[in-house]
Amino acid sequence: MSLPSAGVLRAAKVANSALADRTTPFVQDEWYVAGFAEDFARSLRKRKILGRNLVLFRTESGLPVALDDRCAHRSFPLSRSTLDGDTIVCGYHGLRYNAQGNCIEVPSQPKCPRGIGVRNFPLVERGPLVWIWMGDPDQADAGRIPDQAWLGSGDWTRSQGYFALPASYVSLHENLMDLTHLSYLHAATFGTADYAKAPYEATIEDGHFVLHRRVEPTTLPPVWAEPTGIKGNTAARIVDSEFVSPALHVVTARFLDTRLPEQERREFMIKTAHIPTPETLTSTHYFIVHGRNFALQDESMTRFMHEQLFTAFAEDVDGLSAIEAVLAETVDEPFEISVASDRASVAMRRYLKQRSDGRTPTPEPAEPVATDLDAGA
Amino acid sequence: MSLPSAGVLRAAKVANSALADRTTPFVQDEWYVAGFAEDFARSLRKRKILGRNLVLFRTESGLPVALDDRCAHRSFPLSRSTLDGDTIVCGYHGLRYNAQGNCIEVPSQPKCPRGIGVRNFPLVERGPLVWIWMGDPDQADAGRIPDQAWLGSGDWTRSQGYFALPASYVSLHENLMDLTHLSYLHAATFGTADYAKAPYEATIEDGHFVLHRRVEPTTLPPVWAEPTGIKGNTAARIVDSEFVSPALHVVTARFLDTRLPEQERREFMIKTAHIPTPETLTSTHYFIVHGRNFALQDESMTRFMHEQLFTAFAEDVDGLSAIEAVLAETVDEPFEISVASDRASVAMRRYLKQRSDGRTPTPEPAEPVATDLDAGA
Amino acid sequence: MSLPSAGVLRAAKVANSALADRTTPFVQDEWYVAGFAEDFARSLRKRKILGRNLVLFRTESGLPVALDDRCAHRSFPLSRSTLDGDTIVCGYHGLRYNAQGNCIEVPSQPKCPRGIGVRNFPLVERGPLVWIWMGDPDQADAGRIPDQAWLGSGDWTRSQGYFALPASYVSLHENLMDLTHLSYLHAATFGTADYAKAPYEATIEDGHFVLHRRVEPTTLPPVWAEPTGIKGNTAARIVDSEFVSPALHVVTARFLDTRLPEQERREFMIKTAHIPTPETLTSTHYFIVHGRNFALQDESMTRFMHEQLFTAFAEDVDGLSAIEAVLAETVDEPFEISVASDRASVAMRRYLKQRSDGRTPTPEPAEPVATDLDAGA
């Protein structure tokens, strides 16, 4: 009998209903990345975040600005209007807005009416990223922006990129949380066959989820073998996939040459900030910043790694797009069955679902999610 | 605080709910323009009006015809069938319809069944336009077709054009009613900076709305300066935007050279019939007939003005399309805030809303629409 | 008055509500054609049938396989995965499925959980076709596959083709059942003017519907005149359109030269299996197998007939697409009026509606469908 058994099916549907997916409303009260620093410039740029159209620019003194991209008068897109100093002049009837979003001029009348304006969104610029708060403005506390010192540190060399991902940000978080997919989706790039079978440990805390995996001994794919010089089947590849917030996932990998005595081993570390900003429920701005803590001045190595990595990340975009297409046209009530290695990502999705509902996340239950499926683990 | 204030927001939402917009059902009992005279020819043409697919043609004796574009038998489009004399032979099973829409032959049987037919729509041809009545046929009174003698008069020279406008016909009427947008949307064509600040008067009557504006002294843009010869900042530009019916908006502009003594001033007059026939709620057949009462024989002037004007009208199409795109994906309950110069267009939209509901329009209240917003006027 | 009369309209709407159309749910418990034999190969192919995405392949020993095209774990399309022997290895996390759809390996854990799998669909290969059962597996009885010996017989020469038809499979059955359309839709190919007026007989049985038509004397179009050599207006063209099942329509045509004495006449027979497999409610996999029982070895004749026929079938695809487009945007409650020659197809559509509802088809009533319309017949 090839169908999932009735018991598995029932358990899967109950479990699924508690997990965030492509239909789950956004988590509003959270800091997201609105763009790279250079996306805020002296011209008007349109970007949709959490389903809202925004217009982005930078003031003459250099402050980033994000406003609702719709004139309060007759809904003309401000992103198609004129940036005049630190104000936007609507391209339809000339209403002028300042950087706070207040309308300060209506050309057809001598005085501007009181109280007209468009919504302004709190922004905080940190190193290469500009963070935005889309939720209740009273809750916008810059202290809650995830601290990632390496993004601004001179001890790291970085490169960055962007993908328009036609899939839910939830699916991207889950992709990153279970890197067993490296052996399959990335078989042609940075995956190796032994990756999926390596031992792992899950850390499941309140709003913080980590999957730790150690592959040893292993052969590094070129993207890591070339920069580290660790070739042949003598490497240790130690990876932490860390869900930092709904807006940020950081993957940290350390590489060691296990031929060397333990005290002589040099640790090469790379970090990748995977930054999924929801555009709509089923599309995502996928910002990426990659860094390494070695060979800091080697620009050709930066280019080599960037090219190799972004080829692999494009495989994720492609794969997640394919899944989104499947789900969008699935006839039956959709359900998915989780296996043992999904424990961290399932906990993460339960957390996102709870955040979305505005409910306080409850502690992760002690028992694993789909008990009967762990039998084989 | 950049949000619209709570009081303004509340007033705007209440006001908006009484105004026609992109979601308001069509006004059925009205004469619309189905096409230019030449759109009705000896071949079958498909056109959708008020959401209905029609087939248009002209009989051998020259009468325009509009029928439902769907064979009553198996829904084959008659516009893809054969025009045979004054009949249409369906391209699927050969049912033959006369110009009244009656089925007069079913090839597979010797006698045609009684009572089969497709709906025929009353048409009236007047000069360059063919008017159609989509509503209750018993109410089709040609006497209600707007009288615009200049459209057929030898005292005027005309040119005409068409745009497929991907926006509501309501938005086009509103665009025409508030020409302060000339200074912004048409800054590169026929707008001038002083236009938006010029004094205006609104005439608000039952189903008839006019915005009168006098810009003086002003500099005419080339489209008017060239034909009139009034160059330099010595012109008076007097414009009436007149909502004639849901199907017709006429803009009349008069140009005078104010350097001359009043009794010596020659008045140059142009008229533009802006004809928005709804295709769907959010797309519009935008027919335009432009005319002037001077230099009647100057064909190069006709070409020059046509080219200049239609470049400007394309800016309207572009701008209204942009707004439609914004509204189509607005997350919040949409609302817009009106200012003092919107008084006539707001009254017009209230009238269209009432007509759509089939209710008798009530007289415009004496107080302006959004009182607190007029404070600055 | 050109509208359908109120009585006709009322009768049409009542009649229509009992007939299958583009909105009627699929008939699930039925054998459909999943593809030509060669569509099942040693690579993974995606195909949607009755709204479900399937992955098709052939095992090493040659058996065709159809599975749900969605990994049970995280919904990755199996059709974008890897075929490894007789198993599919999911392209995301490496779950391995056998040809029965059972998951037999989860790489991240030593033992595979029990009870995971994807649905497997019963298939039966018969000559050029592979049949699939999408309904209740317990009802899958290969004895119900329509018997069409000519499809596998050495006494027939065949050619085959495929169209992606953007219309309901119901409309294709109806198209085939009423060949009066040959005179109009196929006027340029295999229709002749006399076809629509020829006498016909309808056979209406429980789930079996035939329209028999004899056109005599007639002139054969080139596609039949060339192979049979019957030129001039001396032919008899005898055609049976037979609804065999929701999945199969067979048209059989016999050609005779009526100049010859009856006992000397040679009968040339062609058969066309029109195979409409619903992809969605409004799109259809249109498989076609055409055969003849004469000039079996003449390959240039096969090519000639294939080219002529598929040009004509493309006219059907085009016409049915046009109708689907009309119906998709019809404003009014759609209705269609049937005429006398529709009796068999109306009975067939009533049967499909009943099958769809899961109700037992009731015997066709003795009285014709739309009595008042037969007045003219």
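Analyst: Two strands pair if DSSP finds at least two bridges between them; strands (E, at least two residues) and helices (H or I, at least four) are DSSP runs, numbered from the N terminus. The model is predicted, so local features need pLDDT of at least 70 and side-chain atom pairs count only at pLDDT 80 or more, while totals for chains, interfaces and linings use all residues. Residues are numbered from 1 along each chain as its sequence is written, and chains are lettered from A and ligands numbered from 1 in the order in which they are written.

User: What makes strand 7 and strand 8 of chain C a pair?

Analyst: Strand 7 (residues 96-97) of chain C is joined to strand 8 of chain C over two bridges, in the antiparallel sense. The requirement is at least two bridges, so the two strands pair. Arg96(C) has Glu105(C) in strand 8 as its bridge partner.

User: Why are strand 5 and strand 8 of chain C said to stand at the edges?

Analyst: The order in this open sheet of four strands is 5-6-7-8 (chain C), with antiparallel pairing. Strand 5 (82-84) and strand 8 (103-105) each have a single partner strand, so one side of each is left without a neighbour in the sheet.

User: Why are helix 2 and helix 4 of chain A called oblique?

Analyst: Helix 2 (residues 169-177) and helix 4 (residues 299-328) of chain A pack at an angle of about 125°, with their axes 11 Å apart. Axes are lines fitted to C-alpha atoms, for helices over the stretch in contact, and angles run from 0 to 180 degrees between N-to-C directions. Under 35 degrees counts as roughly parallel, over 145 as roughly antiparallel, 65 to 115 as roughly perpendicular and the rest as oblique. The two helices are therefore oblique to each other.

User: Which residues of helix 2 and helix 4 of chain A meet?

Analyst: Ser171(A), Leu172(A) and Asn175(A) of helix 2 meet Asp316(A), Leu320(A) and Ile323(A) of helix 4, where contact requires C-beta atoms, placed from the backbone, to lie within 7 Å.

Technical notes
Two residues are in contact if their C-beta atoms, placed from the backbone, lie within 7 Å.
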